[in-house]
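I opened my notebook to look up a few spots in a structure, one at a time. Here is what I wrote down as I went.

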Amino acid sequence: MTKKIVLNMITQRSIEEGVAMEKGKTTPEYFKACSIVEMNPEDMKKLGIWKNTSVRVTSEVGSVIVTAKEPTQFCPPGLAHIRQGVWANQVVPPRTQSTGTPQYSGFPVTIEPAIDERVKTALELVQGSVGLWKGGN
Amino acid sequence: MPKWITQVGCPYCGASCDDLEVLVSDDGKRVLETRNACAIGNEIFHHAQSPSRPKLPRMRQPDGSMKEVSYDEAIDYTAKTLLAAKKPLIYGFGSTNCEGMSAVARVAEKGGAVLDNCASICHGPSFLAIFDNGYPSCTLGEAKNRADVVVFWGCNPMHAHPRHTSRYSIFPRGTFTAKGQMTRTIICVDPRETDTAKLADHHLMVKQGHDYDLFDAFRTVLRGHDIPDEVAGIPKKTILDAAKVMKNARFVMIFFGMGCTHTDGRNHNVDIAISLTRDLNAHTKASIMAMRGHYNIAGPGQVWSWQFGFPYCIDLSKGTHAHMNPGETSSIDLAMRGEIDCFVNVGTDAGAHFPIRAVEQLKKHPFITVDPNICMASEISDLHIPVRVVGVEEPGVVYRMDNVPIQFKKVVDGPEGVPSDEELFDRVYERMCELTETEPIWLLAKDHAKAATNAEQ
Ligand code: SF4
């Protein structure tokens, strides 16, 4: 049986993400910088996964496959972080508390191992969700 | 001989550094090297050279592919699409100059559009708090020269504004802060131990989403009342110590970011931060500043406040007067309620940075992207119109995070035939006037103003 945990998700900046974004959102650098979820090693242990393996992150609005990483900036147990960008926004709830600003940080997600799943590219995710993706799966 | 151009502005983050040096090739067309920029700024100047940059508009064909079209065709399509729409939304503007923002506003007015900028998904909640509670702020020079206690609350400049700490907030030696970092006590409030927190003397590892409670605790302590043993995951003693540091400061500078505006409570986290700043002024001098994101995201707030009286979420669909109510007239709320029937993305990437559910809603209608580069928005658009890169190929006024205007330079020529945002939107406006058989009054007014300035000189 696959294990699952519920973590509190935040989506934030990082300098790697900034540099990669300026290189271009379709570059391998952007993929590498943003298609990851950072979580505390303790939480990885609870999930029974190794670092650098695929996980499925599911929120109230959707799911995304990303690579689990040990954080470069300490993240306490219970908190997860995806750098802002295409992968994060697959799961960010658009609810705004009537302010215009979505819930980019502080929403519950379920994380489960997805060892055999492939992490999709930025174009595949965005074009895929609006019915324009012409590539394969 | 290649030549170094000095005092160049960096078109990336809200620090809007204006001390870059750029080495430009003999023919004035290529950037060879940069000095002083951080890794992100450096990347922008080099990326502008990329041979893969589009130089003509591209229109989506029935088979889903993109085909190059002329600028005239792209302008005609944009003008007609805006006029045909009942409620178009024009969004973006983190990354263009004030001249471009002003030109877009004339188009929005003509098209009865909603005009919104990236503030609505960023520091928009800070605007709401400022409307409620005021903005006891200052310029970054004040912080550099005076602040001996610096608080970073829910922001991580080491990653988001990489030279902020060395130019303004931690390391520089100012007039009354001559020993630089030695003079300053740094307090960081963040649920993670960020690289900014690692530089801090006091790191309050707040429970995510509980910033309001912690602000409340600080205010309670400053007013001389007791607090519980622990608030928002922070022990009482830590709060008392940090409050004492602030109270004994000569000048407290509070910087705040997405840790306040993107979480539960949004604007209320900011309005209590402002209240705390006011309270501190009973004891010492204190000031607060929003860590604005893009190099000119303060620009639309300034330009449109002057034009319409509102900084963002401006509904111009009534034709005669503007209306603003972010819960109702923001891009995301309009998109999620399906109230928009045309989307124009300018100098931003809504395709990557909006929640995907909002992108899906917007994509049900004509979708136009105006941006120098290939991005997610351009790749799902019906039409992508390339423009020159402000700060690299196009000069102009930008507003730094503290609303100080800076004149950015052009360092190299843009690709031939590619217009600036301002030129492009002036042409769209002109075409809209032709189609509706009306006078392009704003362009005439602009010509008059130019002629008057020339006559003065
Ligand atoms: S700190 Fe910001 S403005 Fe300064 S060089 Fe880096 S990205 Fe550019």
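Before anything else, I noted what "contact" means here: heavy atoms within 4.5 Å. I also reminded myself that this is a predicted model.

**Entry 1: B:T194**

With that cut-off in hand, I asked which residues B:T194 touches, not counting residues up to four places away in sequence. I found A:Q73, B:N156 and B:C188, so by the 4.5 Å cut-off each has heavy atoms within that reach of B:T194. I was pleased to see a residue of chain A turn up in that list.

Next I looked up where B:T194 sits, and found it in the loop between strand 9 (185-189) and strand 10 (202-204) of chain B. Is B:T194 buried or exposed? Its relative accessibility is 0%, so I put it down as buried.

**Entry 2: B:T34**

I then turned to another threonine, B:T34, which belongs to strand 3 (residues 31-35) of chain B. Its relative accessibility is 15%. Buried means under 20%, so B:T34 counts as buried.

Which residues does B:T34 contact, leaving aside its neighbours within four places in sequence? My list reads B:W4, B:E21, B:V22, B:N42, B:F45 and B:H46. I checked two of these further. B:V22 is 12 residues from B:T34 in sequence, yet their C-alpha atoms are 4.4 Å apart in space. With B:N42, the side chain of B:T34 makes a polar contact, side chain to side chain, at 2.8 Å.

**Entry 3: the domains of chain B**

Where domain 2 of chain B meets domain 3 of chain B, the contact takes 12 residues from domain 2 and 16 residues from domain 3.

How much area do domain 2 and domain 3 of chain B bury between them? I noted about 1,100 Å², with 67% of it on carbon and sulfur atoms. On the domain 2 side, B:C122, B:M401 and B:D402 lose the most area to domain 3, together 48% of what that side buries.

I sorted the domain 2 side by class as well, and got nine nonpolar, one polar and two charged residues. Across this interface of chain B, the rule finds zero salt bridges between domain 2 and domain 3. I did note five residue pairs in polar contact between domain 2 and domain 3 of chain B (both at pLDDT 80 or more).

Notes: Residues are numbered from 1 along each chain as its sequence is written. Chains are lettered from A and ligands numbered from 1 in the order in which they are written. This is a predicted model: local features need pLDDT of at least 70, side-chain atom pairs count only at pLDDT 80 or more; totals for chains, interfaces and linings use all residues. Side-chain values use heavy atoms; hydrogens and water are left out. Helices (H or I, at least four residues) and strands (E, at least two) are DSSP runs, numbered from the N terminus. Buried means under 20% relative accessible area, exposed over 50%, partly exposed in between (1.4 Å probe, protein chains only). A polar contact is a pair of N or O atoms within 3.5 Å; within protein, one must be able to donate a hydrogen and the other to accept it, and residues adjacent in sequence count only if both atoms are side-chain atoms. Buried area is the accessible area (1.4 Å probe) that two parts lose on being put together, summed over both. A salt bridge is a side-chain nitrogen of Lys or Arg within 4 Å of a carboxyl oxygen of Asp or Glu. Ala, Val, Leu, Ile, Met, Phe, Trp, Tyr, Cys and Pro count as nonpolar, Asp, Glu, Lys and Arg as charged, and the others, Gly among them, as polar.
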